[in-house]
Amino acid sequence: MNEQDITNAVKSVLAQMKETAPAETKPHICKCKKHQMTLALANALIEKVKAKASEMGVDVVVAVSDKAGRPVAIQCMDGAYIASFDIALNKTYTSASLKMSTAQLAELSQPGQDLYGIQFTNNGKIVIFGGGEVLEYDGRIVGALGVSGGTAAEDTAIAAYGKEVFKEVLECL
């Protein structure tokens, strides 16, 4: 077999492989923005959460981050504690980075539990009491919500409400 015969044989085999190979499928690229946290979405959610806090008589700071824990929007109700700003923001970071609510983390970080001491990591940005929630749509994390200003129970309830209405807010945009 000479060089030309080898070249032709290789070309023939490659052509045959190309014909029998499964068609290449392109991955779906979602352009609907339902899987990303936008400023409009964050602000719409914050308005709902502030309304719930007002109903409960609690002045809070509400923060929303993207799925990586980066802040998208934060609003402070009149009368909210100054310290609540950083706490709400850190609750979003905690929930987004650990993919769980801060109320769940509170249980897991008690003495004798697997995550005891975790609040001393990540430059002190980990919060181990309620008020932080992961925001999901269609089984995918979109962002996180942080509420601070009431008691731990109030913050937890208000944040849980925010998580509950998130899909509704998302569908309305």
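In this predicted model, the largest nonpolar core comprises 24 residues, and those with the most contacts inside it are Met37, Leu45, Val60, Val64, Leu145 and Phe166. At least two residues of this core are supplied by each of H2, strand S1 (61-66), strand S3 (132-137), strand S4 (140-148) and H5. When residues up to four places away in sequence are not counted, Leu45 touches Val64, Leu135, Leu145, Gly162, Val165, Phe166 and Val169. A second, separate core consists of five residues, among them Tyr93, Met100, Leu105 and Ile118.

The packing of two helices can be described by the angle between their axes together with the distance between those axes. For helix H2 (residues 39-56) and helix H5 (residues 152-172), the angle is about 140° and the axes lie 9 Å apart, which means that H2 is oblique to H5. The crossing of these two helices, H2 and H5, is right-handed. On the side of H2, the contact involves Leu41, Ala44, Leu45, Lys48, Val49, Lys52, Ala53 and Met56, and these meet residues of H5 that include Ala157, Ile158, Tyr161, Gly162, Val165, Phe166 and Val169. Of the residues in the contact of H2 with H5, 13 are nonpolar, one is polar and four are charged.

With regard to the chain as a whole, the secondary structure amounts to five helices and four strands, and these elements follow the order α-α-β-β-α-α-β-β-α from the N terminus on. Of the 173 residues in the chain, 38% are buried, and among the contacts between residues at least 6 apart in sequence, 65% join residues at least 24 apart.

Key
Residues numbered from 1 in each chain as written. Predicted model: local features only at pLDDT ≥ 70, side-chain atom pairs only at ≥ 80, totals over all residues. Heavy atoms only, no water. Axes fitted to C-alpha atoms, helices over the stretch in contact; angles between N-to-C directions. Parallel < 35°, antiparallel > 145°, perpendicular 65-115°, else oblique. Left-handed = near helix turned anticlockwise from the far one by under 90°. Contact = heavy atoms within 4.5 Å. Nonpolar A, V, L, I, M, F, W, Y, C, P; charged D, E, K, R; others polar. Core = buried A, V, L, I, M, F, W, Y, C linked by side-chain atoms within 4.5 Å. Buried < 20%, exposed > 50% of the residue type's maximum accessible area, 1.4 Å probe, protein only.
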